[in-house]
Amino acid sequence: MVHFFRTSLGVMALAAVAVGVSGGAEAANGPFLSHQALYELSLVKSRTSSINSARGRILYNFAGNSCEGYTSEFRQVSELDSGEGKITLSDLRSNSWEDAAGKSYRFKIETRMNDTASSQVDGSAERDGDHINVKLKLPAPKNFTLDGTTVFPTEQIQRIIAAAKEGKSLLELSVYDGSDNGEKVYNTLTVIGQPIPADRAASSPDPSTSDEHMKSLTRWPVTVSYFDREAQQKEGEQTPVYAMSFELYENGVSRALVLDYNDFVISGAMGKFDVKDTKPCN
């Protein structure tokens, strides 16, 4: 149960795939669309008897441009009912900024479980040649390096969009988003399905399918599996910590989220989608 909430920040990168990028050849590194997206979370199925119900919301705000970089505000409030009156409530908040070129990343994350004191992570990461320097302020001061092939959340989305446009079906990336104690790196495997043409109606419409920005766009079914990098290196572990499935539009917006945490599966239906004014890049 706790595992679900601790790893749910990884969802930030992809539940937050409600980021829009310009079409055409610049899609892999083009400007993003400032917006707000709301996802309603609900239990799809439980593979064990320990989860009776689950519900929650993800609220995501995104703004910026390719000159000043991109800021995101993410909040996920979730409630799990394990029966016999055992309710676990989690409130996760994150604020981050990422350089448009994927060279710098700053993040502040706060997680609260039930009535316990909140846990905080505060740090930054700078790309320097063939490695990344990470400096943590919280939960404790610490400096360390990551392999330079590791990407930050916004660049992860850019890479997935570029791969989809190129017709690729598989993409492997190591991703760092500052989650857990600020030291976690996930190995990810992205599987990209065949493109869905713009004129094919969605089986379950939501605010994205009726938005003028989306009506003429192609989308792809995408599944991203997250693996514990340390476990893979030490034990050769190949079972994902969790996996996300969604439909990804060519402008970066995602819909029809399904979050698989092995023991149970959560759906994230888009309940609201608002495009915001984007400051021009001077």
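Student: What should I know before we start?

Tutor: This is a predicted model: local features need pLDDT of at least 70, side-chain atom pairs count only at pLDDT 80 or more, and totals for chains, interfaces and linings use all residues. Residues are numbered from 1 along each chain as its sequence is written, and side-chain values use heavy atoms, with hydrogens and water left out.

Student: How many helices and strands are there in the protein chain?

Tutor: The chain has 5 helices and 16 strands. Both are DSSP runs, numbered from the N terminus: helices are H or I with at least four residues, strands are E with at least two.

Student: Why is F74 called buried?

Tutor: Buried means under 20% relative accessible area, exposed means over 50%, and partly exposed lies in between (1.4 Å probe, protein chains only). F74 has 3% relative accessibility, so F74 counts as buried. F74 lies in strand β5, residues 69–81.

Student: What share of the chain is buried?

Tutor: Buried residues make up 51% of the 282 residues.

Student: What makes R93 and D91 a salt bridge?

Tutor: The rule asks for a side-chain nitrogen of Lys or Arg within 4 Å of a carboxyl oxygen of Asp or Glu. In R93 and D91, the closest N and O atoms are 3.3 Å apart. That is within 4 Å, so the pair qualifies.

Student: Why is R93 called partly exposed, and D91 buried?

Tutor: R93 has 38% relative accessibility, so R93 is partly exposed. D91 has a relative accessible area of 18%, so D91 is buried.

Student: How do you know that E110 and R112 form a salt bridge?

Tutor: Their closest N and O atoms are 3.9 Å apart. The limit is 4 Å, so they form one. E110 is partly exposed at 29%. R112 is partly exposed too, at 36%.

Student: What does the salt bridge of R219 and E247 tie together?

Tutor: The side chains meet at 2.6 Å, N to O. R219 lies in strand β13 (residues 219–228) and E247 in strand β14 (residues 242–249), so the pair ties together parts that are 28 residues apart in sequence. R219 and E247 are both buried. They also belong to a salt-bridge network with D206 and R255.

Student: How many salt bridges does the rule give?

Tutor: The count comes to 16.
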